[in-house]
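Have the sequence and the model open side by side for this one. We'll begin with a single side-chain contact, then move on to the fold and the ligand.

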Amino acid sequence: MTRLILAAVIGLTTALPAAAQFKNAEAAIKYRQSVMQVQNHHLGRIFAMVNGRMPFDAKVAAEDAALLDTIDKLPFVAFIDGSDKGETNAKSEIWKQRARFDAAALKMQEDVAKLNAAAKTGSLDAIKAAAGAVGQSCKACHDDYQAK
Ligand code: ASC
């Protein structure tokens, strides 16, 4: 009997939608802002190396790119319904143009995957080109969907 209940509870929790992992809209907003901050840190370091503001270290760049290639999936589960209201710069267009927003997210993730591949080669020139593309895809989405 206990086992049956346990199985039912596990079944229920795994079937819950992604939104259920957030207590409320405020928690979802905080979560995505935290991920954005971490992404900014790691991409910022790659940009600093590419722009000569920091000495190039291929190992550090590869670690940053690999991290970005994982965490860039995280923010998007946190744009839950109702989280366009509150302490957020996310524009309501995100929820009105969800397919377009998702396509922009996918484009960024593809560009980050290319940056990760470039960083694995250790070539600063390859990293420079790939990081430029990532910067463009970040900016394009922020221009459309992030309030200034
Ligand atoms: C970052 C960051 C962005 C993008 C953008 C690229 O590190 O926080 O919003 O890169 O500046 O153009």
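## A contact across the chain

Start with Thr88 and Arg32: their side chains are joined by a polar contact of 3.1 Å. A polar contact here is a pair of N or O atoms within 3.5 Å; within protein, one must be able to donate a hydrogen and the other to accept it, and residues adjacent in sequence count only if both atoms are side-chain atoms. Along the chain the two residues are 56 apart, while their C-alpha atoms are separated by 9.8 Å.

Thr88 belongs to the loop between α3 (58–71) and α4 (93–96). Is Thr88 buried or exposed? Thr88 counts as buried because its relative accessibility is 18%, and buried means under 20% relative accessible area, with exposed over 50% and partly exposed in between (1.4 Å probe, protein chains only).

## About the model

This is a predicted model, in which local features need pLDDT of at least 70 and side-chain atom pairs count only at pLDDT 80 or more, while totals for chains, interfaces and linings use all residues. Numbering starts from 1 along each chain as its sequence is written, and side-chain values use heavy atoms, with hydrogens and water left out.

## The fold

The protein has 6 helices and 0 strands, so described because helices (H or I, at least four residues) and strands (E, at least two) are DSSP runs, numbered from the N terminus. Reading from the N terminus, you get α-α-α-α-α-α. Of its 148 residues, 32% count as buried.

## Around the ligand

Which residues are around the ligand? They are Asn40, Leu43, Phe47, Gly135, Cys138, Lys139 and His142, where being near takes a heavy atom within 4 Å. This shell splits into 3 nonpolar, 3 polar and 1 charged; Ala, Val, Leu, Ile, Met, Phe, Trp, Tyr, Cys and Pro count as nonpolar, Asp, Glu, Lys and Arg as charged, and the others, Gly among them, as polar.

Now for the ligand's oxygen atoms. One is 2.7 Å from an N or O atom in the side chain of Asn40, and an oxygen is 3.2 Å from a polar backbone atom of Gly135. The His142 side chain has an N or O atom 3.1 Å from a ligand oxygen. Taken alone the ligand exposes 310 Å², and the protein buries 65% of that (Shrake-Rupley method, 1.4 Å probe). The elements giving two or more residues to the shell are α2 (25–50) and α6 (124–145), and α6 gives the most, with 4 residues.
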